[in-house]
Amino acid sequence: MNELLSKYLKVFRLIHEQRPGLLLYALFFSLTTVAIPYLILLMTTLVLNGLLAGDSFGRLLIKVLLVGSITLTCQIAQKFFETKRDAAYNEFNINLEKATTLKLLTISYFQLQDPEMRAAYQKAKEGTTYSGGFNQFIRSVLEDLLNATIALIIGIAAVVTLLWADGSKILPQPWEFLVNDWGFALVILLCVVTPIFLNLILTKKKNEIEKGLFEFYTNVNRQSGYLFNTIFDYQNGPALRLYRGNQLLYDEMIKQNNRFLKRSLEEDRKSSNLTDGGNALISLLLIPIFLLVAAKGYVGAIEVGSIFLYTGYFTQLVAALNQAFVAFAAGNMLLGFLDFYFDFLALDPQENGSLPVEKRNDNEYEIEFHNVSFKYPGAETYVLKDFNLKLMIGQRTAIVGRNGSGKTTFIKLLCRLYPVTEGRITLNGIEIDKYDLKEYQDILAVVFQDFKLFAFSVAENVAANRHFDSQRVTDALYIAGVKDRVATMPAGIESILYKELDDQGVEISGGEAQKIAIARAWYKDAPFVILDEPTSALDPFSEYEIYRRFDDLVEDKTSIYISHRMSSARFSDRIVVFENGRVVQDADHQTLVQRPGLYQELFNAQAQYYVEDLTDDQLATLFS
């Protein structure tokens with residue numbers, strides 16, 4: 001119970017932090033919503049009692065105007081607080097989305113990539129979408145609990161009033177105990193509590209159905225989403241048509257839809273039966289309550305018109321308490337999704353050092369790996385093991401090796417995207433995690449093999465900023481060999497790429513996108529230039545053109561280049577060969593190509609594929 005209460009408090013705290021006042025508006029909305037039916041009952045009772053007592057028209061009119069004015073005031077207040085609540089809730093949604101987005105952008109990369117965190121985030125997103133999320137929690141769970149609390153207070157007051165009310169008549173035996181203090185209270189208690197406990201059982205069963213249905217829907221939605229995206233993606237069109245895969249996908253889509261429909265109808269029937277059964281029991285147990293109140297009226301303990309008032313109060317109480325327990329059970333299920341947001345927003349980013357990185361005009365930054373070992377979160381196998389490597393100042397280093405040898409992981413550790421599992425990495429003799437993260441990463445310009453461009457302008461993609469130096473952007477595009485292509489676009493360097501944010505966006509090829517990513521690395525003007533498979537989407541000639549401008553690209557910087565294409569490694573001063581997470585060879589191209597070993601084996605295996613694609617002059621330059 002303490003853990004459950006703690007979770008509720010965490011969600012309340014999150015709601016208050018993201019939009020102060022929202023909970024208060026919800027409270028006042030509940031107060032006015034609950035008050036209105038009670039006031040209407042009170043007004044009806046006053047009129048009935050007045051008529052039965054022979055009150056004058058003027059006296060009846062005063063009573064009606066007084067209660068009516070209060071009721072009208074409550075209705076106006078209810079609408080006011082509803083409007084304020086809805087506006088505050090919209091602001092809460094926006095603030096939560098902003099906070100979540102900011103957290104996604106600022107938590108460390110290894111936290112973002114953690115499979116458990118990603119699974120929990122996905123479950124929370126799907127769960128809140130399916131169940132209504134914070135909207136459902138505030139408008140149903142929270143407000144139903146508030147309504148029940150208010151109804152309970154009024155109900156207790158009504159019971160106490162009736163207990164104190166003694167009549168002048170006596171009921172015949174054995175019914176006399178029904179209007180006595182203990183008998184009246186006991187029967188009322190049983191009639192109120194019985195449906196509540198029954199509905200707790202029914203609600204638990206309904207929640208089990210809902211939970212199973214949610215997991216089923218999540219699975220079906222994921223599968224249907226895959227099928228729909230596969231069909232909708234125009235790039236799959238040729239394969240689907242040439243291999244007649246259309247019918248295969250269509251049949252699978254129909255199969256998923258039929259499975260979804262069958263399960264939905266079955267679960268809806270079960271849930272409906274449980275709901276109907278609970279409602280029927282509540283209706284049955286209201287009968288003895290009505291009889292008890294009528295008995296009080298019969299013996300003269302209350303006025304005849306008040307029978308209507310008290311039966312209405314108890315009807316409201318039973319309904320409110322029943323709905324509250326349903327809401328409480330639903331809220332407990334919702335907490336499993338909502339609680340994630342509190343923990344997610346409380347995530348601390350990767351430990352950040354405080355040391356500033358020395359600003360050097362000579363770019364003399366030396367990085368060294370000291371017995372570094374690393375394995376990904378949840379993995380058993382080390383990707384790098386007892387790894388040692390020093391990156392020389394101003395040197396052009398090529399990293400080569402088979403797939404899975406640890407090349408890209410080496411770059412991610414170098415960039416502090418992941419912390420090392422064992423060992424340390426130093427910059428000019430100081431461990432890199434002691435430096436301020438932003439300042440450290442500012443000395444690195446990286447093009448990853450899975451680079452990303454965004455649906456912004458070419459210039460904004462190159463500068464990674466809304467504010468850019470147009471001439472430097474143009475120079476960067478020239479260095480990357482894509483200046484002429486950008487010049488043909490409608491707005492030049494200010495042309496929007498892709499159509500996600502602008503219908504007039506320009507679609508570009510994978511090779512053109514890769515060149516723009518290379519231009520982005522040059523634009524940053526960082527002392528370290530790191531290129532991880534930067535030409536994987538280029539044909540051999542375009543690749544050759546990139547390397548022809550390699551001197552302009554890296555200038556006097558320390559550069560690290562990763563490639564599966566051995567022919568490109570000759571542009572480097574030094575070639576480091578990786579295998580099984582370790583350095584197995586380390587020399588220049590001329591030395592390694594003549595020495596038996598992995599580099600010679602890989603180079604000879606690939607060289608034949610370039611012979612047919614390059615001109616004689618290019619080949620002479622490439623293999624000289």
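# Briefing on the predicted model

Arginine 416, which comes after helix α11, has a positive phi near 60°. The model described here is predicted. Its protein chain contains 21 helices and ten strands, and buried residues account for 45% of its 624 residues.

**Overall chain**

- The protein chain has an accessible surface of about 32,500 Å², and carbon and sulfur atoms contribute 58% of this area.
- Of the contacts with a separation of 6 or more, 75% are between residues 24 or more positions apart.

**The six-stranded sheet**

- Six strands form an open sheet in the order β6-β7-β8-β3-β9-β10, and their pairing is mixed.
- Strands β6 (444-447) and β10 (582-587) are the edge strands, each with pairing on one side only.
- From one strand to the next, the twist averages 15°.
- Helix α11 (residues 407-414) packs on this sheet and touches β3 (396-401), β6, β7 (528-532), β8 (558-562) and β9. The direction of α11 makes about 145° with that of β8.
- Strands of a sheet pair through backbone hydrogen bonds, in either the parallel or the antiparallel sense.
- Strands β3 and β8 are parallel and are paired over four bridges; within this pairing, alanine 398 has tyrosine 561 of β8 as its bridge partner.
- Strands β3 and β9 are also parallel, with five bridges, and valine 400 has valine 577 of β9 as its bridge partner.
- Strands β9 (residues 574-579) and β10 run antiparallel and are joined by five bridges. In this pairing, valine 577 stands opposite glutamine 585 of β10.

- Strand β3 is largely enclosed by the rest of the structure, because six of its six residues are buried.
- Arg396, Ala398 and Val400 point one way from β3, whereas Thr397, Ile399 and Gly401 point the other way; all are buried.
- Helix α11 is mostly covered, with seven of its eight residues buried. These buried residues are Lys407, Thr409, Phe410, Ile411, Lys412, Leu413 and Leu414.

**Phenylalanine 369 in strand β1**

- Phenylalanine 369 belongs to strand β1 (residues 367-374). Its relative accessible area is 0%, so phenylalanine 369 counts as buried.
- Leaving aside residues up to four places away in sequence, phenylalanine 369 touches Phe387, Asn388, Leu389, Phe410, Leu413, Leu414, Arg424 and Ile425.
- Phenylalanine 369 and leucine 413 are 44 residues apart along the chain, and their C-alpha atoms are separated by 9.6 Å.

**Salt bridges**

- The structure contains 16 salt bridges.
- Glutamate 368 and lysine 390 form one of them, with their closest N and O atoms 4.0 Å apart. This pair links distant parts of the chain, since glutamate 368 lies in strand β1 and lysine 390 in strand β2 (residues 384-391), 22 residues apart. Glutamate 368 is partly exposed at 23% relative accessible area, and lysine 390 is partly exposed at 29%.
- Arginine 574 and aspartate 586 form a salt bridge through their side chains (2.8 Å, N to O). Because arginine 574 lies in strand β9 and aspartate 586 in strand β10, the pair ties together parts that are twelve residues apart in sequence. Arginine 574 has a relative accessible area of 10% and is therefore buried, whereas aspartate 586, at 38%, is partly exposed.
- Lysine 63 forms a salt bridge with aspartate 55, and the closest N and O atoms are 2.9 Å apart. With a relative accessibility of 23%, lysine 63 is partly exposed; aspartate 55, with 22%, is also partly exposed.
- A network of salt bridges links Asp55, Arg59 and Lys63.

**Nonpolar surface patch**

- Leu24, Leu27, Phe28 and Leu31 make a nonpolar surface patch of about 310 Å².
- One of these residues, leucine 27, lies in helix α2 (residues 22-53) and counts as partly exposed, at 30% relative accessibility.
- An α-helix has 3.6 residues a turn, so residues three or four places apart point the same way.

Notes: Residues numbered from 1 in each chain as written. Predicted model: local features only at pLDDT ≥ 70, side-chain atom pairs only at ≥ 80, totals over all residues. Heavy atoms only, no water. Patch = residues over 30% accessible without salt bridge, like charges linked within 9 Å, V, L, I, M, F, W, Y side chains within 5 Å. Areas by Shrake-Rupley, 256 points an atom, 1.4 Å probe, with all protein chains shown as cover. Helix = DSSP H or I, 4+ residues; strand = E, 2+ residues; numbered from the N terminus. Buried < 20%, exposed > 50% of the residue type's maximum accessible area, 1.4 Å probe, protein only. Contact = heavy atoms within 4.5 Å. Pairing = 2+ DSSP bridges. Axes fitted to C-alpha atoms, helices over the stretch in contact; angles between N-to-C directions.
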